[in-house]
Amino acid sequence: MPWKSNTLLEARSEFVRLALAPNANIQGLCRSFNISQQTGYRTLERYRIAGARGLESQSRRPHHTPHRCPVPIEVAVLAVRADHPTWGGRKIAFHLRSMGSAGVPAASTITAILARDNQLKGAPDPGRFLGLLGQLHNPLSEQDLPASLESHPDLPILVEKLENGRPVQRRRALAVVASRSGLRTSVACRILRQSRSRYARSVRLFEEGGAERLFAPRIGPHRKFDSEQAKQALFSILHQPPANFGINRTTWKMADLVRAMHEKGQPACEDVIRAIVKGAGYRWRKARIVLTSNDPDFSQKLQRIRSILADLKVEEAFFSIDEFGPFAVKAQPGRMLIGPGEQHFVAQWQQSKGSIIVTAAIELSPNQVTHFYSRKKNTEEMIRMLEALVAEYRDRTKLYLSWDAASWHVSKGLFEYINAHNASIESNGPQIDTAPLPARAQFLNVIESVFSGMARAIIHNSNYGSIDEAKAAIDRYFCERNAHFKGNPRRAGGKLWGKEREPAEFSPSNNCKDPRFG
């Protein structure tokens, strides 16, 4: 209820003086001052407790506010605002959520926090930023830049790029400085003469990855020579003779490759083809690196193997078969770790302790290798491999055998054995079928990748004392490899056991046979 005096303090003082007089009538005083008895007695109680200070007006703020935003959240909000003077409640809320902060308040609450701390000021004067632009050719100090950049670890890099960077680097750095100065995007873009998209991109890159991301060279996301489809198409063409594409040549020319790529549905110019070939490690001066098959039925044989692998059933198995060797058991050269001033020597002429031929087959589904040692490469050893595979995979209904065009792989005696086996086995074991590779296409044989990994792991830089010692190392290698893929089932290809040069999987663009480790 209103007081009758000019000020509340004077009215309260007059009321207390009269109320404390002897024989004072409190009820009558309250009526004369036009206040309730509750207000009068509360005023007297405050005077008795605090004296004249108790008569002053007190804050109406509640003593306890359980729903007020926690102090750590307010500190985080003010820290984000200090780094980004132009951000409002919604942007600050989104930023805090993206950083994983818990209990982020609503945008309106953040706005209230900023208002309570006098952070909602008008747009900053661009004069200070214009002054910075005017002295860019003079040495700058970190104090010339916005306060929000003082503690940033990339501040020295920004200063260096502003002073000595290329024009594009200076433009990116200036966009960051303008943003941290609190300038609105429209004002900053007008001063710097930048588009909004370029300005926003520079600010975003700096926020995401600092100066390293901001000044990193820009790489186009749709470069043709990075396309995996283009690479696959190019190397599948290079592995075939030009005659397969109606070109009367024995080696490829760049113009012919451009035409063949266009026919494959992957058009590419000469520069793109050069980049792909160079990136893969090939050099045109050494034509032997570009492996090519001269088989006129290359495409048909390749398509048959692909169709078999695409429709391979669980009860069927596909094997890649070949021989490794013969190689001499003696001191082998290779890379090794030696001390300073030392030199590792391997004699050119050595007394061999014997030679070894490893005949092996890899089943592409369970990624298991079957191997034994042969004295020669002939039809009898291939029949021996067939018998071993039939015994090991007796629960399968059909075995596909894939190998190169070596004479003992396509001999008359071998196919007579296969026909006799298929006629006599009936339902007591697997039927045998062949899927030969194109002629001179050993680089497509998957087992060659396994051989190259084995050679790098246990043969190169070795010096076994006997044939038996070398065989024991090979046996352990394949045993550990088979055990690994039994415990970690994985089809041949992808993550490999050894240091295979190419993934151990059938692909017309692979070069499984490495001349260095074969």
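I take a residue as buried when its relative accessible area is under 20%, and I keep in mind throughout that this is a predicted model.

**Entry 1: helix H9**

With that cut-off I looked up helix H9, and the buried residues there are Gln169, Arg172, Ala173, Leu174, Ala175, Val176, Val177, Ala178, Ser179 and Arg180. That makes 10 of the 14 residues of H9, so I note this helix as largely enclosed by the rest of the structure. H9 covers residues 167-180, and from its first C-alpha to its last I find a reach of 20 Å, close to the 20 Å expected at 1.5 Å a residue. Moving just past the end of H9, I came to Gly182, which takes a positive phi of about 90 degrees.

**Entry 2: helices H13 and H14**

I recorded two values for this pair, since two packed helices are described by the angle between their axes and the distance between the axes. Helix H13 (residues 254-263) packs against helix H14 (residues 270-279) at an angle of about 100 degrees, and their axes are 10 Å apart. Sorted by kind, the residues of the contact of H13 with H14 are 6 nonpolar and 2 charged, with no polar ones.

In what order do the strands of the open sheet stand? I read the order of the 5 strands as S3-S2-S1-S4-S5, with mixed pairing. Strand S3 (368-374) and S5 stand at the edges, each with a single partner strand, so one side of each is left without a neighbour in the sheet. From one strand to the next, the twist averages 25 degrees. Last, I followed helix H16 (residues 379-392), which packs on the sheet and touches S1, strand S2 (355-363), S3, S4 and S5, while its direction makes about 145 degrees with that of S3.

Notes:
Residues numbered from 1 in each chain as written. Predicted model: local features only at pLDDT ≥ 70, side-chain atom pairs only at ≥ 80, totals over all residues. Heavy atoms only, no water. Helix = DSSP H or I, 4+ residues; strand = E, 2+ residues; numbered from the N terminus. Expected span 1.5 Å × (residues − 1). Buried < 20%, exposed > 50% of the residue type's maximum accessible area, 1.4 Å probe, protein only. Axes fitted to C-alpha atoms, helices over the stretch in contact; angles between N-to-C directions. Nonpolar A, V, L, I, M, F, W, Y, C, P; charged D, E, K, R; others polar. Pairing = 2+ DSSP bridges. Contact = heavy atoms within 4.5 Å.
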